[in-house]
Amino acid sequence: MHLPTLEVSVDRLMAVSRISVFDPDTPLTTSGVDSLDLMEWVYDMQEQYPDLGVDETIVESIDDTVTFRAVHQQLLAVHSTVAVAPAAGGK
């Protein structure tokens, strides 16, 4: 299974949300990314990384303290692996 690095995940989130600056250590609720942006990211990740198992429950788990880095670490923990791969199709 190929998992995207944090940097690749951030790039994909920035692309779908069309924001130019994003800090993965800022709580998502104050980062400029809204729930619709996160849903777009989930759908993008599902398309690019179908084996990753990203689903809408990630958006439901967001509160005032959750950062994007924590979301990414949660994905890694679920798969007990290290992120290394670029997206399929070279994106």
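Start at one helix pair: select Ser9, Arg12, Leu13, Val16 and Ser17 in α1, then Asp37, Leu38, Glu40, Trp41, Asp44, Met45 and Gln48 in α2, and you have the two sides that meet. Contact here means heavy atoms within 4.5 Å. By class, this contact has 5 nonpolar, 3 polar and 4 charged residues. Ala, Val, Leu, Ile, Met, Phe, Trp, Tyr, Cys and Pro count as nonpolar, Asp, Glu, Lys and Arg as charged, and the others, Gly among them, as polar.

A word on what you are viewing. This is a predicted model, in which local features need pLDDT of at least 70 and side-chain atom pairs count only at pLDDT 80 or more, while totals for chains, interfaces and linings use all residues. Residues are numbered from 1 along each chain as its sequence is written, and side-chain values use heavy atoms, with hydrogens and water left out.

**The whole chain**

Zoom out. The chain has 4 helices and 0 strands. Its pattern along the sequence is α-α-α-α. Helices (H or I, at least four residues) and strands (E, at least two) are DSSP runs, numbered from the N terminus. Of the 91 residues, 42% are buried. Buried means under 20% relative accessible area, exposed over 50%, and partly exposed in between (1.4 Å probe, protein chains only). Among contacts with a separation of 6 or more, 66% join residues 24 or more positions apart.

**How α1 crosses its partners**

Axes are lines fitted to C-alpha atoms, for helices over the stretch in contact, and angles run from 0 to 180 degrees between N-to-C directions. Under 35 degrees counts as roughly parallel, over 145 as roughly antiparallel, 65 to 115 as roughly perpendicular, and the rest as oblique. α1 passes α2 in a right-handed crossing. That term means the near helix is turned clockwise from the far one by less than a right angle; anticlockwise is left-handed.

The axes of α1 and α4 come within 10 Å and cross at roughly 125°. That makes α1 oblique to α4. This crossing, too, is right-handed. Select Leu6, Ser9, Val10 and Leu13 in α1; they meet Phe68, Arg69 and His72 in α4.

**The core**

Which residues have the most contacts inside the largest nonpolar core? Select Leu13, Phe22, Leu28, Trp41, Leu52, Val54 and Phe68; the core has 23 residues. A nonpolar core is a set of buried Ala, Val, Leu, Ile, Met, Phe, Trp, Tyr and Cys residues joined through side-chain atoms within 4.5 Å. α1 (6–17), α2 (35–48), α3 (57–60) and α4 (68–79) each supply at least two residues. α2 gives the most, with 5.

Centre on Phe22. Beyond neighbours within four places in sequence, Phe22 is in contact with Val10, Leu13, Met14, Leu28, Ser31, Val33 and Phe68.

Pick Asp44, in α2. Is Asp44 buried or exposed? At 16% relative accessibility, Asp44 counts as buried. Asp44 touches Arg12 and Val16, leaving out residues up to four places away in sequence.

Next, Ser35, also in α2. Ser35 is partly exposed, at 45% relative accessible area. Draw a C-alpha to C-alpha line from Ser35 to Val59: 6.6 Å in space, 24 residues apart in sequence.

Finish at Arg18, in the loop between α1 and α2. Arg18 is exposed, with a relative accessible area of 75%. Its phi is near 60°, a positive value in a residue other than glycine. Most residues other than glycine have a negative phi.
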